[in-house]
Amino acid sequence: MDRDMALEELKLRIENENTIKHSLAVEAIMRKLAVHFNEHEKMWGIAGLVHDIDYERVQGDMTKHGKMGADILEALNFDSTIVYAVLAHNPANNVSRRRKIDKALYCADPMSGLIIACALILPSKKLKDVDEEFVLKKYHQKGFAKGADREQIASCSELGLTLEEFIKISLEALKEISDELEL
């Protein structure tokens, strides 16, 4: 499955523009992490891109999220590594994160939300005005961006990354696609 086809399959199932932008953001972080770890950049990126392919179909039932996504991706003949990473990214599925790609997707998902929330509270609403220190400060404010699970973000340590390193890599990734994200 190439990236253009993966994006097309995502857009067939996701109508909400913000969910698509979130998927693009997670894709960018996953690609940047793959480069950092000398892993398969295309595969990691596609895993990030399609990780929420079932989001609108599960209609808020998070016990189905990831499971339905994995089923969809399997039916579309996606690589089994991507299918498993999508299944494992939702902690409700109780599936162990065995590979680096699984661990990366698990922490990249909420990190994208945290960084985007940081940009949206600035007067400019631009990623270029967000720095690592600001993201770290907001990370420690429990009431800020409550949907960005701090434990999931902190699991970057399972990849051998400090929180500061993970923020740096993720922020760089999102700044590179700021035009696509309209931020």
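Biologist: In what kind of crossing does H1 pass H2, left-handed or right-handed?

Modeller: H1 passes H2 in a right-handed crossing; the word is used if the near helix is turned clockwise from the far one by less than a right angle, and left-handed if anticlockwise. A note on the source: this is a predicted model in which local features need pLDDT of at least 70 and side-chain atom pairs count only at pLDDT 80 or more, while totals for chains, interfaces and linings use all residues. Residues are numbered from 1 along each chain as its sequence is written, and side-chain values use heavy atoms, with hydrogens and water left out.

Biologist: Why is H1 called roughly antiparallel to H2?

Modeller: The axes of helix H1 (residues 3–13) and H2 cross at roughly 150° and come within 11 Å. Angles over 145 degrees count as roughly antiparallel, under 35 as roughly parallel, 65 to 115 as roughly perpendicular and the rest as oblique, so H1 is roughly antiparallel to H2. The contact (heavy atoms within 4.5 Å) is made by Arg3, Leu7, Leu10 and Lys11 of H1 and Ile20, Ser23, Leu24 and Glu27 of H2.

Biologist: What makes H6 and H9 roughly perpendicular?

Modeller: Helix H6 (residues 100–120) packs against H9 at an angle of about 70°, with the axes 10 Å apart. That value belongs to the perpendicular class, so H6 and H9 are roughly perpendicular to each other. Their crossing is right-handed.

Biologist: And why are H7 and H9 called oblique?

Modeller: Helix H7 (residues 132–139) and helix H9 (residues 163–176) pack at about 120°, their axes 10 Å apart. That angle belongs to the remaining class, so H7 and H9 are oblique to each other. In H7, Glu132, Val135, Leu136 and Tyr139 meet Leu163, Glu164, Ile167, Lys168 and Leu171 in H9.

Biologist: How much space lies in the largest pocket, and what counts as a pocket?

Modeller: About 590 Å³ lies in the largest pocket. On a 1 Å grid over the protein atoms alone, a pocket is an open set of points where a 1.4 Å probe fits, with protein on both sides within 12 Å along at least five of seven lines; lining residues have an atom within 4 Å of a point.

Biologist: Which residues lie nearest its centre?

Modeller: Of the 28 lining residues, Asn18, His22, Asp52, Asp109 and Gly113 lie nearest the centre of the largest pocket. H6 gives the largest share of the lining, 7 residues.

Notes: Axes fitted to C-alpha atoms, helices over the stretch in contact; angles between N-to-C directions. Helix = DSSP H or I, 4+ residues; strand = E, 2+ residues; numbered from the N terminus. Points joined across faces, edges and corners; volume = space filled by probe spheres on them.
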